[in-house]
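I opened my notebook beside this model. I wrote down each thing as I looked it up.

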Amino acid sequence: MRVFVDLNWFFKKHWRAYASGIAVLAVVSFLSLIPPRVIGEVVDQIADASLTPSALVNDVGLILGIAVVLYILRFLWRLLIFGTSLKLARQIRFDLYRHFTNMPASFYHKRTTGDLMAVSTNDVRAVQATAGEGVLTIVDACLLGGMVVVTMAVSISWQLTFITLLPLPLMALLTSYYGKLLHRRFAGAQAAFSVLNNTVQESIGGMKVTKAFGREQEEVSRFAKKSADVVEKNMAVARVDALFDPTITIVIGSCYLLAVAVGSFFVADGAMTIGQLTSFFVYLGLLIWPMLAIGMFFNVVERGHASYDRIRAVLNEKSDIVEREQALDFDIQGELDVRIDAFRYSPDGANVLENVHFHLPKGGTLGIVGKTGSGKTTLLSLLQRTIDVTEGDILLDGHSVRAYQLSCIKDAFGLVPQEHFLFSATIAENVAFAKPEASMAEIVAVCKLAQVHEDILRFPAGYDTIVGERGVTLSGGQKQRISIARTLLSDPTLLVLDDALSAVDAKTEEAILQALQTEKRERTIIMTAHRLSAISHASLILVLADGKVSQSGTHAELMQQGGWYKEMYERQQLESAVEQGGNE
């Protein structure tokens, strides 16, 4: 029942629809009481031979008229109650999606894609059922059940009613116990489904790798184990679920047995007529649904309760990146002053970055190089404030990055990540993702800057070519350059290229960098690269080693200093010369 308290915000918002639906349900329950009374009177008239054809026609017409009205009203309450529950599902999905888009990268390190998908689908459906079927069953059970019991007691016999309904408290106790048991088991089943969902997502996404290593059978076995776990946990739910109907059936049977035994005695003793006993049995038949509804109610509500707990656990996770009150709201020009004394991902963890200090003027180019794991991507994340500095600060145009509104930072930075993601849409739509209102001329212009325009024209459909899921129809270099074009279309003040030219050849790389340098827009460029030729033109180059700046300066200065940068640059130049010689 606590889930109804948790969803109180929704019921308050849509109380008119629920109140109208409950009012219609009350009318339906009241009208449902009339046919049994009419049937009882007809039976008595038959017994004393007073029934006339005209009276029978009137009685049948009344019952048919009530049936038509009930048909219309039952359609109406379903529209009011079930229709409103759909709004709850829509609101929760919207809240979840908005929450997903506002959470930092650390959130997605803890939560798998499969788990988030399961929460957004299965769990939302379970909560929707609570606001629909759950409300219906408990209201209908109370309204119809209460009216039937009162009618039986007042118009027929309160003694017979009391005796007949003696088994009901036992049913209430058992169904309540089953509901609590179901809550625990259903939560486990949903968690298992999340794991299975994530397994499927990973398997499909990594199918090329699976086939390349010939691991199809192992992946099938892994899926079979996860699937078996889901089945086992859902069977545990089903075993509890299966207890409701037999329990209620036994209780209903006991009620009928008591009604037959005691009711027959009352008729034989002259305390009631055969027609009244017939009406009593018809009313008792009407009580079957409220009894079943109570079982359904506990079933639906406990599932919804478990699912809403999972949804709230996701929504209650707070972002590590918090915007200050009265944060700065103006355009960032691109001057960087970095004063990172230390950064670590956890309070008790080791420092990932230490003593990283540098200044980059507006319109400058920063190159960041180093071995794998030296801290390059972490530094980029700190600059964009997807994570916060542990000790020290980062200044943008003289103000702390923490002082700006998050929207200002997002607008200022344009990122081309290592892993390029394209949507299953046309090339033009993928490029225009950053600026949906962009004209075709603007799209073509940035594609020319990214040196991908000629490649696009070679496709039969040109810019209308569907790239497929994650850009499967394109080469790695084409995906990288389309990602660069997409970022350039957003016209960022600070362009971040996180090893974004690794999949293109040296000639194309040089052409892209030359285009960016000669572009009229004065933008600050921040690049990480494994190929040092990509950053040789930079106004400042940082060499990171174990999270510290081991060397810094321009390309010429670093070549004079010697050390890791010079050795790596000369080695790469030699390798490039050997490759070119081998191709001639």
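**Entry 1**

I began with helix α11, residues 216–268, which has 53 residues. From its first C-alpha to its last I read 76 Å, close to the 78 Å expected at 1.5 Å a residue. I kept in mind that this is a predicted model. After α11 I came to Gly-270, whose phi is positive, near 85 degrees.

**Entry 2: record against model**

I turned to the UniProt record, an unreviewed entry. It annotates "transmembrane region" at residues 56–77, 135–154, 160–178, 243–268 and 280–301. I checked two of these spans in the model. Residues 56–77 are 100% helix and 0% strand, and their end C-alpha atoms lie 31 Å apart. For residues 280–301 I found 95% helix and 0% strand, with the end C-alpha atoms 31 Å apart.

**Entry 3: domains**

Next I looked up how the chain is divided. Domain 1 takes 1–157 + 292–317, domain 2 takes 158–271, and domain 3 takes 336–579. The centres of domain 1 and domain 2, taken over C-alpha atoms, are separated by 19 Å. Their contact draws on 25 residues from domain 1 and 27 residues from domain 2.

How much area do domain 1 and domain 2 bury between them? I noted about 2,200 Å², with 63% of it on carbon and sulfur atoms.

**Entry 4: Thr-130**

I picked Thr-130, which sits in helix α7 (residues 113–155). Is Thr-130 buried or exposed? It counts as buried, because its relative accessibility is 0% and the cut-off for buried is under 20%. I then listed what Thr-130 touches, leaving out residues up to four places away in sequence: Val-3, Phe-4, Val-135, Val-300, Val-301 and Gly-304.

**Entry 5: Ala-428**

I moved on to Ala-428, in helix α16 (residues 427–431). Ala-428 has a relative accessible area of 11%, so I marked it as buried. Leaving out residues up to four places away in sequence, Ala-428 touches Met-440, Ile-443 and Tyr-463. I also looked at Asp-464, which is 36 residues from Ala-428 along the chain. The C-alpha atoms of the two are separated by 6.3 Å.

**Entry 6: an enclosed helix**

Why did I call helix α14 (residues 376–383) largely enclosed by the rest of the structure? Because seven of its eight residues are buried. I wrote out the buried ones: Lys-376, Thr-378, Leu-379, Leu-380, Ser-381, Leu-382 and Leu-383. Just after α14, Arg-385 takes a positive phi of about 55 degrees.

**Entry 7: positive phi in loops**

I looked for positive phi in residues other than glycine. Asp-397 has a phi near 55 degrees. I found Asp-397 in the loop between β4 (391–396) and β5 (399–400).

Gln-451 has a positive phi of about 60 degrees, and it is not a glycine either. Its place is in the loop between α17 (440–449) and α18 (453–458). Gln-451 counts as partly exposed because its relative accessibility is 29%.

**Entry 8: cysteines**

How many disulfides does the structure hold? I wrote down zero. Cys-408 counts as buried because its relative accessibility is 9%. Cys-447 is at 0%, so it counts as buried too.

Technical notes: Residues are numbered from 1 along each chain as its sequence is written. This is a predicted model: local features need pLDDT of at least 70, side-chain atom pairs count only at pLDDT 80 or more; totals for chains, interfaces and linings use all residues. Side-chain values use heavy atoms; hydrogens and water are left out. Helices (H or I, at least four residues) and strands (E, at least two) are DSSP runs, numbered from the N terminus. The expected span of a helix is 1.5 Å times one less than its number of residues. A disulfide is a pair of cysteine sulfur atoms within 2.5 Å. Buried means under 20% relative accessible area, exposed over 50%, partly exposed in between (1.4 Å probe, protein chains only). UniProt positions are given in the numbering used here, feature names are shortened, and annotations may be inferred rather than shown by experiment. Domain bounds come from an automatic or database domain assignment. Contact means heavy atoms within 4.5 Å. Buried area is the accessible area (1.4 Å probe) that two parts lose on being put together, summed over both.
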